[in-house]
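Dear colleague,

Please find below the structure that I am handing over to you. My notes on what was found in it follow.

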Amino acid sequence: MCEANAYMLKDGEETLLMESVDLVEPEADGSFRLVGIFGDQISIKGKIKRMNLVDHRILFEE
């Protein structure tokens, strides 16, 4: 499986945003749309701080 979990870094703490993310797509307003393997979706504001695909982690920050 190639999915990753997405986290938000805020004040030094990581919070899980979504598990099993299959698609990360930038939106016109600067946000990102995350789509899970079952079609669930969320939109988040922030920027990508780090992607570690070996560990299946995407880290966003505000």
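In this predicted model, there is one aromatic pair, counting rings of Phe, Tyr and Trp (its six-membered ring) whose centres lie within 6.5 Å. The pair is formed by Phe32 and Phe60, with 5.4 Å centre to centre and 55 degrees between the planes, and is tilted (planes under 30 degrees apart count as stacked, over 60 as edge-to-face, the rest as tilted). Phe32 belongs to strand β3 (residues 32-36) and Phe60 to strand β6 (residues 57-61), so the pair ties together parts that are 28 residues apart in sequence; strands are DSSP runs of E, at least two residues, numbered from the N terminus. Phe32 is buried at 14% relative accessibility, and Phe60 is buried at 0% (buried means under 20% relative accessible area, exposed over 50%, partly exposed in between, with a 1.4 Å probe and protein chains only).

The strands form an open sheet of six, in the order β4-β3-β2-β1-β6-β5, with mixed pairing; two strands pair if DSSP finds at least two bridges between them. At the edges stand β4 (41-44) and β5 (47-52), each with a single partner strand, so one side of each has no neighbour in the sheet. Strand β2 (residues 13-26) runs antiparallel to β3, joined by five bridges, and Leu23 stands opposite Val35 in β3.

Residues are numbered from 1 along each chain as its sequence is written, and side-chain values use heavy atoms, leaving out hydrogens and water. Because the model is predicted, local features need pLDDT of at least 70 and side-chain atom pairs count only at pLDDT 80 or more, while totals for chains, interfaces and linings use all residues.

Kind regards

Methods: Helix = DSSP H or I, 4+ residues; strand = E, 2+ residues; numbered from the N terminus.
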